[in-house]
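Please look over the sequence and the structure before reading on.

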Amino acid sequence: MGEWLTDAGMTFRFGSDPDTELTEDQVMWQYKMYVAALRLSDDFGLDAVGIQYQQGLKNVCPASDLVEGLLNNVARPPVTSRDGSRVLYEGQALPHFNEVDEGVAVDALVTNRVWTAMGLDPANTLHDVRWGEEYDGRFVWVYEISGSVPPSHFAGGYADAEGWRQSPVFFPKGGATIKGVSKPGEIVWSRVYVEGGELHVDLGRADVVELPEEESERRSRLTNPEWPIAHVVLRGITRDQFMARHKANHAQVVYAPDAEAADKALTAKAAMFDALGVHVHLCGDVNL
């Protein structure tokens, strides 16, 4: 598995002190977790999976983030069934929902189904909405997640992905993140949540924008530099509007190849949620 990742272009920042640096042993444990997640998902016929790492496993084994990012990517190391007869979820992403956030689980699975049916890359992920500020006349949000962005969200894929050690403050057993800067492009963002005992979803459009390297690094250093980052501009939604309404620090993100495809995919996703009985709220500037 390690050879597969390095052949794909991913690099790991290894050191020798397991208390503060990433070690090969930590990553080996993450490989085992990746295999286990796929085989357990196959055992139970799962369409999506979550790993309860924080706070359940953080003192037991290295972080799950490398595993999560790989599972959400269509191109990933192959894993066979327990008897070796099948490649599990071959040619597919197995949607993973970070922190076992069930709002993410529902969203990730619906997105996977819609984007796959439309022939689009279904790799999607949650991001923590960390903070934001004006840059060149636009309010640019800092979106980060603790290491689990699928590599296809980077311009160069695995070649732009680096494995950094998780912070020992939160992750005493270490483990690699998937560090990188998300590529500029058209995205659909969303959040599934419960209100009044019923399921709702907020849906909107946004752009991941490219910032100068020094500004990207500054923003990364002010949060968690070992985590992947996306520079997001929401369409038709101000900072205060977003903060007043959004129901979590998590937002789901998925790319489309162009604006037309993104608008069509958002429309299809809204229609699917509506057909499932979820209350749909279109937020900001949306073209149906």
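## Surface patch

A patch is made of residues with over 30% relative accessible area and no salt bridge, and nonpolar side chains are joined into one within 5 Å. The model described here is predicted. In it, Leu40, Phe44 and Leu46 make a nonpolar surface patch of about 300 Å².

Phe44 belongs to helix H2, which covers residues 24-44. Phe44 counts as exposed because its relative accessibility is 64%, and the cut-off for exposed is over 50%.

In soluble globular proteins, nonpolar side chains tend to be buried together. The largest nonpolar core in this model has 37 residues, and Met10, Phe12, Leu38, Leu66 and Leu71 have the most contacts inside it. Two or more residues of this core come from each of H2, helix H3 (65-71) and helix H4 (102-117). The most come from H2, which gives six residues.

Leu71 is in contact with Tyr34, Ala37, Leu38, Val49, Arg76, Ala93, Leu94 and His96, leaving aside neighbours within four places in sequence.

## His127

His127 is part of strand E2, residues 124-135. Is this residue buried or exposed? His127 counts as buried because its relative accessibility is 1%, where buried means under 20%.

The side chain of His127 reaches the backbone nitrogen of Glu144 at 3.5 Å. Not counting residues up to four places away in sequence, His127 touches Glu144 along with Tyr143, Ile145, Val149, Ser182, Ala230, Asn249, His250, Ala251 and Val253.

Note on methods
Residues are numbered from 1 along each chain as its sequence is written. This is a predicted model: local features need pLDDT of at least 70, side-chain atom pairs count only at pLDDT 80 or more; totals for chains, interfaces and linings use all residues. Side-chain values use heavy atoms; hydrogens and water are left out. Patches are made of residues with over 30% relative accessible area and no salt bridge: like charges are joined within 9 Å, nonpolar side chains (Val, Leu, Ile, Met, Phe, Trp, Tyr) within 5 Å. Accessible areas come from the Shrake-Rupley method with a 1.4 Å probe; for residues, only the protein chains shown count as cover. A salt bridge is a side-chain nitrogen of Lys or Arg within 4 Å of a carboxyl oxygen of Asp or Glu. Helices (H or I, at least four residues) and strands (E, at least two) are DSSP runs, numbered from the N terminus. Buried means under 20% relative accessible area, exposed over 50%, partly exposed in between (1.4 Å probe, protein chains only). A polar contact is a pair of N or O atoms within 3.5 Å; within protein, one must be able to donate a hydrogen and the other to accept it, and residues adjacent in sequence count only if both atoms are side-chain atoms. Contact means heavy atoms within 4.5 Å. A nonpolar core is a set of buried Ala, Val, Leu, Ile, Met, Phe, Trp, Tyr and Cys residues joined through side-chain atoms within 4.5 Å.
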